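Please summarise the fold, the nonpolar packing and the surface of this chain.

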Amino acid sequence: MTTQATSKRSRLDPEPMSRRDFLGKGSLWATAAALGVATLGMLRLPKAAVLSSPSKKFKVTLPDSLPPGQPFIPPGRSVALYRDAEGVYAVSLICTHLGCIVKQHSDGFECPCHGSQFKADGAVVKGPAPRALAWHKVTGSAGNYVVDEGVTVPPGTYLKA
Ligand code: FES
């Protein structure tokens with residue numbers, strides 16, 4: 001009897017949905033939506049999740065007025081460049097004790113963390129720093145130089161100016 005009543009209904013007047021069917025379809029759509037969101041999340045995984053850092057190699061122009069023995073510290077870099085009679089060299093400003101950034105101090109550098117002191121060429125004057133400040137590779141000429149903070153060179157390696 002119910003089948004006859006059902007068959008008389010038109011497509012524009014569908015049979016009312018039972019509560020069970022409504023909940024079943026609702027949970028099906030909720031599952032499909034959750035899978036879709038999870039898939040979108042997985043598509044994002046292959047992207048790099050690290051912040052880019054500035055290149056360790058950078059260009060710098062030394063001012064013509066830079067007196068011999070005076071450091072030039074490019075903004076945002078932890079390197080001091082010097083130009084003297086022997087040439088140009090770059091000294092790291094990263095303390096060899098625990099990695100603090102040293103500050104310019106009279107004729108050298110001083111570490112604000114534990115008090116190590118260094119000469120302008122990076123040699124240790126007072127500990128606890130165990131080693132001299134590193135020297136970095138410098139290339140270029142005529143006041144325009146390229147410093148590579150990723151490459152250390154033996155102390156005393158000048159670029160002839
Ligand atoms: S980090 Fe420079 S003296 Fe300790």
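The report covers architecture, then cores, then surface.

This is a predicted model: local features need pLDDT of at least 70, side-chain atom pairs count only at pLDDT 80 or more, and totals for chains, interfaces and linings use all residues. Residues are numbered from 1 along each chain as its sequence is written, and side-chain values use heavy atoms, without hydrogens or water.

The chain has 2 helices and 9 strands (DSSP runs: H or I of at least four residues, E of at least two). Their order from the N terminus is α-α-β-β-β-β-β-β-β-β-β. Among contacts (heavy atoms within 4.5 Å) between residues at least 6 apart in sequence, 36% join residues at least 24 apart.

Of the 161 residues, 27% are buried (under 20% relative accessible area, with a 1.4 Å probe and protein chains only; exposed is over 50%, partly exposed in between). A nonpolar core joins buried Ala, Val, Leu, Ile, Met, Phe, Trp, Tyr and Cys residues through side-chain atoms within 4.5 Å.

| Core | Size | Residues, among them |
|---|---|---|
| Largest | 16 residues | Tyr82, Val91, Cys95, Val102, Phe109, Phe118, Leu133 |
| Second, separate | 12 residues | Phe58, Leu66, Ala90, Val138 |

In the largest core, with its 16 residues, strands E2 (79–84) and E3 (87–92) each supply at least two residues. Phe109 touches, among others, Tyr82, Val102, Phe118 and Leu133, not counting residues up to four places away in sequence.

The chain exposes about 11,400 Å² (Shrake-Rupley, 1.4 Å probe), with 60% from carbon and sulfur atoms. Phe22 lies in helix H2 (residues 19–44). Phe22 counts as exposed because its relative accessibility is 55%.
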